[in-house]
Amino acid sequence: MAVLLITHDLGVIAEMATDVAVMYAGRVVEQAPVAQLFNAPEHPYTKGLLASIPTLEMSRDVRLSVIRGNVPNLYNLPSGCTFAPRCPSVMSRCRQDAPNLLPVGGQGAGAHLARCWLHES
């Protein structure tokens, strides 16, 4: 039996899920076992999401990390990678071609996938 849980609460994901798929603009951009995703995110969007989570150790005057830019209009998606306009690691290829989900990571390659040209062999 499986349960599909859709949430923006990463804390719930960490506690309830065994596998996770991170979506951006209606597409899966990263998929992995939950511990692997939280310990070693591979897609720039996932890294940005995890960097924006406050921790108990943070001082109140510390500003949270943000992902610059805006989510694209789903009726008028940019060509190439939909995250390219907001990506800190964008390359020219990202703006032209949309990547497939590619295997990443050393352990269990194939179990951890990311839709990013940074991981093309």
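Guide: A contact here means heavy atoms within 4.5 Å. On that basis, in this predicted model, 37% of the contacts between residues at least 6 apart in sequence join residues at least 24 apart. The protein has four helices and four strands, and from the N terminus on they follow the order α-β-β-α-α-α-β-β. Its C-alpha trace spans about 40 × 40 × 30 Å along the principal axes. The radius of gyration is 15 Å, which agrees with a compact globule, because a globule of 121 residues would have a value near 14 Å. Of those 121 residues, 32% are buried. The exposed surface comes to about 8,300 Å², with carbon and sulfur atoms supplying 54% of it.

The largest pocket holds about 790 Å³ of space. Its lining consists of 23 residues, and those closest to the centre are Leu5, Ile6, Thr7, Ile13 and Ala21. Helix 1 (10–16), strand 1 (19–24) and helix 3 (44–51) are the elements that each give two or more residues to this lining. Strand 1 makes the largest contribution, with six residues. By class, the lining of the largest pocket has 17 nonpolar residues, four polar and two charged.

The second largest pocket can be set beside it. Its space is about 180 Å³. It is lined by 14 residues, and Pro44, Lys47, Gly48, Phe83 and Pro88 lie nearest its centre. Here the classes divide into seven nonpolar, three polar and four charged residues.

A search of the whole structure finds two cavities of 30 Å³ or more. The largest cavity has a volume of about 80 Å³. The lining of the largest cavity has eleven nonpolar, two polar and one charged residues.

The second largest cavity contains about 40 Å³. Its lining is made up of Arg27, Val29, His43, Gly80, Cys81, Thr82, Ala98, Pro99 and Arg115. Four of these residues are nonpolar, three polar and two charged.

How values were computed:
Residues are numbered from 1 along each chain as its sequence is written. This is a predicted model: local features need pLDDT of at least 70, side-chain atom pairs count only at pLDDT 80 or more; totals for chains, interfaces and linings use all residues. Side-chain values use heavy atoms; hydrogens and water are left out. On a 1 Å grid over the protein atoms alone, a cavity is a set of points where a 1.4 Å probe fits but cannot get out, and a pocket is an open set with protein on both sides within 12 Å along at least five of seven lines; lining residues have an atom within 4 Å of a point. Grid points are joined across faces, edges and corners, and a volume is the space filled by probe spheres set on the points. Ala, Val, Leu, Ile, Met, Phe, Trp, Tyr, Cys and Pro count as nonpolar, Asp, Glu, Lys and Arg as charged, and the others, Gly among them, as polar. The radius of gyration is taken over C-alpha atoms; the globule rule is 2.2 Å times the number of residues to the power 0.38. Buried means under 20% relative accessible area, exposed over 50%, partly exposed in between (1.4 Å probe, protein chains only). Accessible areas come from the Shrake-Rupley method with a 1.4 Å probe; for residues, only the protein chains shown count as cover.
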